[in-house]
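Have a go at each task before you read its solution.

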Amino acid sequence: MKLDGKKAIVTGAAKGMGAAITTTLAREGADVVLTARESDALERVAGEVRAMGRAAHVVTCDVTDETQVAAMVNHALDAFGGRIDILVNVAGVTGPIETPVQDIAIADFDDVVTANERGTFLPIKHVVPTMIAQRSGKIVNIGGTSGLRGYAMRTAYSASKWAVRGITRTVALEVGKYNINVNAVCPGIVETPRMQKLCEEKARVRGWTVDEVYDEYVEEMALKRVTTPGDVANAVLFMASEDSRQITGQAITVDGGWDV
């Protein structure tokens with residue numbers, strides 16, 4: 001197993017990509033602290049982890065609240081005997097969909113930036129001291145292809161994902177000397193309930209059917225198929241394992257060729 005005995009934190013672990021990432025890390029031998037705002041959904045995923053024979057600790061946490069993040073990390077340290085080997089920052093929000101920049105409310109813009117930028121920054125801030133002390137660690141941030149290219153009608157989301165890539169590259173420079181790798185995985189459209197919501201909202205605004213919106217996405221992809229949560233989880237596994245020992249400050253795109 002690639003992660004035998006490793007200790008991991010996954011934010012946004014309750015659903016979709018976060019759940020798939022959590023179970024993939026566990027399958028490869030990691031014990032996991034699962035955190036999100038919804039405890040019931042977290043417990044379901046934790047049950048899958050425990051069924052694999054790995055430890056799973058559920059901690060409800062708003063990753064934009066520093067007090068809660070600090071408490072969550074301390075819980076992980078207590079549970080894991082003072083070690084944290086892997087941090088995967090998945091938690092985030094989509095914000096306004098199919099909305100031109102002049103129609104975005106400042107409160108909506110701020111919500112997206114806070115969730116996606118601060119929600120990546122705070123777990124890193126509170127995990128890095130432990131990784132520095134142990135002279136090892138893997139941090140994987142979930143960015144997005146909208147952080148690699150412009151994304152019309154999604155100004156807030158695109159801006160936040162560009163920022164995640166900036167955080168990734170900057171922290172990689174700061175902590176590399178301590179044998180800590182910091183990378184981003186950038187999915188495109190992923191087959192999750194969030195994608196369904198996105199297609200429904202675009203369809204509503206455009207006067208299209210949901211299937212027409214879905215098919216438009218597929219046609220923009222070189223591989224002509226939508227990314228699955230498992231595809232993203234496999235990329236995270238690579239970045240969290242020693243297979244990526246000489247890779248840091250990078251963003252790996254998992255989008256079926258949408259950003260080609």
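**Exercise 1. Find the strands that helix α4 lies across, and give its direction relative to β4.**

Step 1: Locate helix α4 at residues 106-134. Helices are DSSP runs of H or I with at least four residues, strands are E runs of at least two, and both are numbered from the N terminus.

Step 2: Helix α4 lies across β1, β4 (86-89), β5 (137-142) and β6 (180-187).

Step 3: Compare directions: α4 runs at about 175 degrees to β4. Such angles run from 0 to 180 degrees between N-to-C directions, with axes fitted to C-alpha atoms, for helices over the stretch in contact.

Before going on, note that this is a predicted model, where local features need pLDDT of at least 70 and side-chain atom pairs count only at pLDDT 80 or more, while totals for chains, interfaces and linings use all residues. Residues are numbered from 1 along each chain as its sequence is written, and side-chain values use heavy atoms, leaving out hydrogens and water.

**Exercise 2. Work out the strand order of the open sheet.**

Step 1: Strands pair if DSSP finds at least two bridges between them. Strand β2 (residues 31-36) pairs with β3 in the parallel sense over five bridges; in one of these strands, β3, His 57 is the bridge partner of Val 33.

Step 2: Follow the pairing across the seven strands to get β3-β2-β1-β4-β5-β6-β7, with parallel pairing.

Step 3: Check the edges. β3 (56-60) and β7 (251-254) each have a single partner strand, so one side of each has no neighbour in the sheet.

**Exercise 3. Describe how helices α6 and α7 pack.**

Step 1: Helix α6 (residues 193-206) and helix α7 (residues 210-219) have axes 8 Å apart, at an angle of about 115 degrees.

**Exercise 4. Is Val 205 buried, partly exposed or exposed?**

Step 1: Find Val 205 in helix α6.

Step 2: Its relative accessibility is 42%, so Val 205 counts as partly exposed (buried is under 20% relative accessible area, exposed over 50%, partly exposed in between, with a 1.4 Å probe and protein chains only).

Note on methods:
Contact = heavy atoms within 4.5 Å.
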